[in-house]
Amino acid sequence: VAEPTDENLRDESLASLRKAAQGCRACPLWEPATQTVFGEGPENARILVLGEQPGDMEDLSGRPFVGPAGKLLDRALADLGIDRSQLYLTNAVKHFRFERRGKQRLHRNPEASHVQACRSWLAGEIERVRPQLIVCLGGTAALAVFGKDFRLMEQRGTWQTLHDGTRAFATVHPAWILRQPENTQQKAYANWLDDLRLLLNSPA
Ligand code: URA
């Protein structure tokens, strides 16, 4: 699928969407990346967790949230008693955007155009999984779900209702917490847990 559109993906199952996304050429990010990192988790998951884009380890393994940010997410889920295997985890952008610095591949933020190019995949995932709740991790995920007028730091941790009735909220990205200075990191983590706790007390 060179150009994913809602139209030509309408009748596909989640499994065939995943397969089709492997050949996506809708933006230039596919070329330097190793592979498309599609979402994973049960097709009937109640909660969909949306990240930004795969990182270095996700790009290599083909799975979302397996690197350092994923490890912090795992810790938060454990602290809250949420079973990761019950969640559908995916990203707004499905290829790793990076720049090479010697042997290292350094993360670069995706642009709105990359989010736009990827949106049929995300829409396809949301349509098939039909989660009751969506949690957006970070500004890129929030952009993909709420649009460009959403203000992450002002609106984090507050329920929003999407046009189809799905409840959703955004909070900061685990990689942002990992970037906080040592003296404020614990507090940032505690505040993040407070936001994520909404998943346990969701509105009906
Ligand atoms: N960061 C993300 O946003 N998603 C991943 O899958 C990994 C790191």
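Where does the ligand sit? The ligand sits in the largest pocket. The structure is a predicted model, in which local features need pLDDT of at least 70, side-chain atom pairs count only at pLDDT 80 or more, and totals for chains, interfaces and linings use all residues. Residues are numbered from 1 along each chain as its sequence is written, and side-chain values use heavy atoms, with hydrogens and water left out.

**View 1. The ligand in the largest pocket.** A pocket is an open set of points on a 1 Å grid over the protein atoms alone, where a 1.4 Å probe fits, with protein on both sides within 12 Å along at least five of seven lines. A molecule sits in a pocket if more than half of its atoms lie within 2 Å of the pocket's grid points. The residues around the ligand are Gly-51, Glu-52, Gln-53, Gly-55, Glu-58, Pro-64, Phe-65, Asn-91 and His-173; a residue belongs here if one of its heavy atoms lies within 4 Å of the ligand. This shell divides into 2 nonpolar, 5 polar and 2 charged residues. In this division Ala, Val, Leu, Ile, Met, Phe, Trp, Tyr, Cys and Pro count as nonpolar, Asp, Glu, Lys and Arg as charged, and the others, Gly among them, as polar.

**View 2. Atom pairs between protein and ligand.** An oxygen atom of the ligand lies 2.7 Å from a backbone N or O atom of Glu-52. For Gln-53, a backbone N or O atom is 3.0 Å from a nitrogen atom of the ligand. The side chain of Asn-91 has an N or O atom 2.7 Å from a nitrogen atom of the ligand. Taken alone, the ligand exposes 240 Å², and the protein buries 93% of that. Accessible areas come from the Shrake-Rupley method with a 1.4 Å probe.

**View 3. Phe-65 in the ligand shell.** Phe-65 lies in the loop between helix 3 (56-61) and helix 4 (68-80). Helices (H or I, at least four residues) and strands (E, at least two) are DSSP runs, numbered from the N terminus. Phe-65 has a positive phi of about 55° although it is not a glycine. Its relative accessibility is 5%, so Phe-65 counts as buried; buried means under 20% relative accessible area, exposed over 50%, and partly exposed in between (1.4 Å probe, protein chains only).

**View 4. Arg-105 and its side-chain contacts with Asp-56 and Asp-59.** Arg-105 belongs to strand 4 (residues 104-107). With a relative accessible area of 15%, Arg-105 is buried. Its side chain makes a polar contact of 2.8 Å with the side chain of Asp-56, and another of 2.9 Å with the side chain of Asp-59. Such a contact is a pair of N or O atoms within 3.5 Å; within protein, one must be able to donate a hydrogen and the other to accept it, and residues adjacent in sequence count only if both atoms are side-chain atoms.

**View 5. Arg-130 in the loop between helix 5 (112-129) and strand 5.** Arg-130 has a positive phi of about 45° although it is not a glycine. Its relative accessibility is 65%, so Arg-130 counts as exposed. Ile-134 is found in strand 5 (residues 133-137) and is buried, with a relative accessible area of 1%.

Methods:
1 Å grid on protein atoms, 1.4 Å probe; cavity = no way out; pocket = protein on both sides within 12 Å on 5 of 7 lines; lining within 4 Å.
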